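Dear colleague,

I am pleased to hand over the structure that follows. Please look through it first, and then read the notes below.

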2 protein chains.
Amino acid sequence: KEKFNQISPSEFFYRNRDLAGFSNPSRSLYTAVREFVENGLDACDSKGILPDIHLTIKAVDQEKPDPKPYILTVKDNGPGIETKHVPLAFGTVLYGSKFGLKQARGMFGLGATMAILYGQITTNKPVTVKSSTDGKTMEIFELLLDIQKNKPVILKHTTKDVSKKGLSVSICLEGDYSKAGSKIRDYVYQTSLITPYASITFDDPKGEKYSYPRMINTMPKPPTIIRPHPYGTDVETIRRMIVDSQFEIPTIDDIMIEKVRKDLGLSKKNLSFTAIMEKAKKKWKTLSRQVRVVIALMSFLKMDFEKLSKIRIEDLDVPNKKLFYWDFGDSTSKSVEMDPESQYYKQLTNTTQGETLTAFLTKKFQRVGPSTAIKFAEFAGFKPEKRIGTMTNQELAHLSDSLQKFDDFMGPDSSCLAPLGEAPLEKGMTKFFKPDFLTVLQRSASAYSGFPFIVEMGIAYGGEISTRGIKVYRYANRIPLLYDEGSDVVMKVVNEIDWSRYKAKGDPPLVIVSHICSTRIPYKTAGKENVADRPEIERELKLAIQFMARKLSVFMNKRGQAEAAKKR
Amino acid sequence: KEKFNQISPSEFFYRNRDLAGFSNPSRSLYTAVREFVENGLDACDSKGILPDIHLTIKAVDQEKPDPKPYILTVKDNGPGIETKHVPLAFGTVLYGSKFGLKQARGMFGLGATMAILYGQITTNKPVTVKSSTDGKTMEIFELLLDIQKNKPVILKHTTKDVSKKGLSVSICLEGDYSKAGSKIRDYVYQTSLITPYASITFDDPKGEKYSYPRMINTMPKPPTIIRPHPYGTDVETIRRMIVDSQFEIPTIDDIMIEKVRKDLGLSKKNLSFTAIMEKAKKKWKTLSRQVRVVIALMSFLKMDFEKLSKIRIEDLDVPNKKLFYWDFGDSTSKSVEMDPESQYYKQLTNTTQGETLTAFLTKKFQRVGPSTAIKFAEFAGFKPEKRIGTMTNQELAHLSDSLQKFDDFMGPDSSCLAPLGEAPLEKGMTKFFKPDFLTVLQRSASAYSGFPFIVEMGIAYGGEISTRGIKVYRYANRIPLLYDEGSDVVMKVVNEIDWSRYKAKGDPPLVIVSHICSTRIPYKTAGKENVADRPEIERELKLAIQFMARKLSVFMNKRGQAEAAKKR
Ligand SMILES: Nc1ncnc2c1ncn2[C@@H]1O[C@H](COP(=O)(O)OP(=O)(O)OP(=O)(O)O)[C@@H](O)[C@H]1O
Ligand SMILES: Nc1ncnc2c1ncn2[C@@H]1O[C@H](COP(=O)(O)OP(=O)(O)OP(=O)(O)O)[C@@H](O)[C@H]1O
Ligand SMILES: [Mg+2]
Ligand SMILES: [Mg+2]
């Protein structure tokens, strides 16, 4: 007989830590550094604080050969974490604050906990977290993970007086700095390039100090949470939006009746049914949805508060215009007919059947105006006033499919994104590569599966570029991606270009920098090292590269002509 | 204030389905095929049934252009799934039967549920599962997933009479056969190569039928579950083994006393303390551990059953040789001294402090004999008789570290593995490539992180090989890996070889087939497409390739000499 088991998500990632980038001591040391540094930068970004990140890696015993235990500490000047959330944030997998639709480096609720898990299973030491949210008191936690149950075990919790806000996390883990060192230094350097407003210091195990002071003193505008873009939104997301906008019929008990009295300003008077309806009409604009529904029900029952407290609503059959209730006085079920012409019937229809398709589209998605909503309804073959709560499963699938195929939605609102910008990218690439030729491009915002994204890229040629053959620097949400380029969408696009068409064949001294920003980067691995080839992203990258490659080709032609002229 | 949330594992994989290989319609169709075919093969393998797998992909509307909905059905003649497990197996993520230490294609408890999830969010249609475990009755389920709660929703459950065992699963999903078709056909073909005892048929959307009958009629020996190999076992695994081998002091209530009486054959007699001890000594070998512990406690309390039922054990302080109990008669706490020379003291020590280090090693790991255990204890600097339950955290970390560094463990027991074998691999490669040169090699079993693995490879050159440049066919646990070769450990090793040293530079007509079998393949992605560069695996691959490349070099030299002779 087969024995079945359910495992917790921390148990899953413990068994399969290669999925999260913890496959060997060298890679694990690198990934742990990344996870903590990215958390510090995210925290500062979200609160508009110019980040100061301090990274320290020290060997426990400098004399031993690699791989061996290291103490890794990352300290930031961010907002810290509230005391009640610290153990869960670091001790539970799939727990975090970055699940909303907003650009951030983190997205899984996994990274910090994985680094701590790896430290614990290789050295059996707890993590030390120090957090101050008010700049006066620091909470110090020593935690272990209960990997099977996915919860933290608090070994120690003390406090201390401090003078600054921020968070520091320190783990002991088995690493290999001899192999990971150059990748870690590259990571820190490339991070400072794409985050010119952050200051980063790195004390390495050999006693070397690397320092990357800020290059600019202005923060990018912090991204804001936005509604999804309609393009590519799948059925599950639509279904949840509908459930969100639908509404339960409230229970009409004494508490509810009291609330309705109070909101109508009728606290102690027991007005007649007609008087109540008059008052409700006057105050309609100020009434909450719950109260409006109760008024609507009362309008069909034709009862005042006294009578209302003696019945209980049993069933509301809106399509058949019947309202069933239990009369406590007569101990029997009764029903009333509802007049479909009444405005109160419309109120109940909205409540149980959801809003119209066009209202749903304009309220739930970003940048869908009334005329676009109507145009879309026609395209999809729905009546614009169709109630979203009455859609069959078939109709929902068709709605999602039409959202993918409709061409006329406005491009996404990019206030949820924080790209670097063409000028800073150009400035950074000029400073870094000192090339003979440089072009940069930021494409306008696009979307995949409802997620807005922006592609920005640069191509540099010649000058002080020392590498031969195309070298690609990949970034996603301001994170440098240094591993697994072989299965990344950017490399796929770069390799599919016929570079000889642009006069750059052979092994040209060519550098390509690519940055993808999105409310959700479609990583292929939980270690965030390579991006999946979503068709919309692939297309944007291709268009960007082709545009810039044509400019390169013009430059190469001119240069070729100049050299030919010289020879003559 | 930051808002924190916990998400379920199905919610995690819904949001991040790129991690599981569901990034676009073409890739998703491929991955869904894989997940179901691999489940069918695993099920047949585990029960020694020669597999018959039937794969059908039909477009819902043949006229529409890709991407569009397809119905994907996979049917097998395996053991089926018990009725009570069907909804959870397919409707819950991280639920499965393959978490034990045994070679299998599946390992995450994720694949089938992900394919069903992808179908549901793209077409809103439920999955239909038909399962018969007895060859008489078939259970038919229609399921939807509650993605936020990670549980199934049973829409329909009916039964039907049948005449064969097996399982069939059918989903409707948005796919792109125009892009995925050739990859799917490659997958089926390559699967039949590595699984010559399986018969696979494939009916494609264009009406084409592909059939791969079995080439041999003998099943490989089904792999068995084994104990972990000591090499590379981490602290968390050791800790769990210790907890497993440690034992709670049983509660001594009337039920327990009755059990002890019964096992001693003293059911109704109330013997004296001395008589009970005599009887226990005689029957010691047949007594269970629980009963032995109770006898040991009684030996120190010097009580018969009558007196024993009037006390309750409060605490057992083995190192300080004290036993504390509550006397109901006197309503007071009392204690007795335990004689450390008594054999019963030893029994209690084993129970609370675990066994000795050497006993632990020989019982918990595979292939560690008593002399190896003692040698290891010396190497690690522990007394061989040290009680495993008394190790400090520091000592546990040191134990794990020593398990990684000790060279003298025997290689792993490979009965948990099911490699193809050199002869079948050679036969398959000859048939497939008809090369001028062919060499195959199966390395002996090795281990990483406690998991045994075997590498088997083959190199073929010339003859009817039509590709130019090194073409690598990668397999892991009899699964063909067709994507993401750029970040796979096999490609990393192949690319680090200087092929010109072996006279195979330029674009030689060279094919390399690689198969890694393990109780746990360290995949980099939950889509199981590429293998992480664990150092032990990388080393085995490198040694295998170098060994075979030298043979290739001899062949190339001879051929070079033969051609030179011809010219002269
Ligand atoms: N330095 C920090 N300052 C403030 N909050 C932090 C810091 N580090 C972690 N956190 C909080 O802890 C949570 C969990 O962090 P963790 O790295 O595990 O997940 P994440 O960053 O949300 O996602 P990902 O797994 O993609 O990194 C974060 O969501 C964040 O709220
Ligand atoms: N065709 C089948 N016949 C018998 N049992 C099956 C079949 N398909 C699935 N199962 C059972 O359902 C469980 C869940 O399958 P699922 O594919 O989700 O996970 P898995 O195969 O265990 O791991 P993985 O995610 O790596 O594929 C399996 O562990 C197996 O017990
Ligand atoms: Mg993080
Ligand atoms: Mg499976």
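How many residues surround ligand 1, and which are the closest? The number is 24, and the closest are A:Ser97, A:Lys98, A:Met107, A:Gly111 and A:Lys528; a residue counts as near a molecule or strand if one of its heavy atoms lies within 4 Å of it.

Before going further, please note that this is a predicted model, in which local features need pLDDT of at least 70, side-chain atom pairs count only at pLDDT 80 or more, and totals for chains, interfaces and linings use all residues. Residues are numbered from 1 along each chain as its sequence is written, chains are lettered from A and ligands numbered from 1 in the order in which they are written, and side-chain values use heavy atoms, with hydrogens and water left out.

The two ligand sites

Ligand 1 is surrounded by residues from chains A and B, so its site is shared between the chains. Several polar contacts are found here; the term denotes a pair of N or O atoms within 3.5 Å, and within protein one must be able to donate a hydrogen and the other to accept it, while residues adjacent in sequence count only if both atoms are side-chain atoms. A:Ser97 places a polar side-chain atom 2.5 Å from an oxygen atom of ligand 1. Backbone atoms take part as well: a polar one of A:Met107 is 2.7 Å from an oxygen atom of ligand 1, and a polar one of A:Gly109 is 2.9 Å from an oxygen atom of this ligand.

Around ligand 2 there are 24 residues, of which B:Ser97, B:Lys98, B:Met107, B:Gly111 and B:Lys528 come nearest. This site is also shared between chains, because residues from chains A and B surround ligand 2. A polar backbone atom of B:Leu110 is 2.8 Å from an oxygen atom of ligand 2.

The interface between the chains

Chain A gives 73 residues to the contact and chain B gives 74, where contact means heavy atoms within 4.5 Å. The size of an interface is often given as the accessible area lost when the parts come together. Here the two chains bury about 6200 Å² between them, with 46% of it on carbon and sulfur atoms; buried area is the accessible area (1.4 Å probe) that two parts lose on being put together, summed over both. A:Phe4, A:Asn124 and A:Arg240 supply 11% of the area that chain A buries against chain B, more than any other three residues.

There are 12 salt bridges between chain A and chain B, each being a side-chain nitrogen of Lys or Arg within 4 Å of a carboxyl oxygen of Asp or Glu. One of them links A:Asp484 with B:Lys524, whose closest N and O atoms are 2.8 Å apart.

E4(A) is joined by 2 bridges to strand E1 (residues 5-6) of chain B, and the two run antiparallel. In E1(B), B:Asn5 is the bridge partner of A:Gly96. Strands (E, at least two residues) and helices (H or I, at least four) are DSSP runs, numbered from the N terminus.

Backbone details

Most residues other than glycine have a negative phi, and most peptide bonds are trans. The bond from A:Asp66 to A:Pro67, however, is cis, with omega near -5 degrees. A:Pro67 is found in the loop between strand E2 (52-59) and strand E3 (68-76) of chain A. In chain B, the peptide bond from B:Asp66 to B:Pro67 is cis, with omega near -5 degrees. A:Lys503, in the loop between helix H16 (489-496) and strand E19 (510-518) of chain A, has a positive phi, near 65 degrees.

Yours sincerely

Notes:
Two strands pair if DSSP finds at least two bridges between them.
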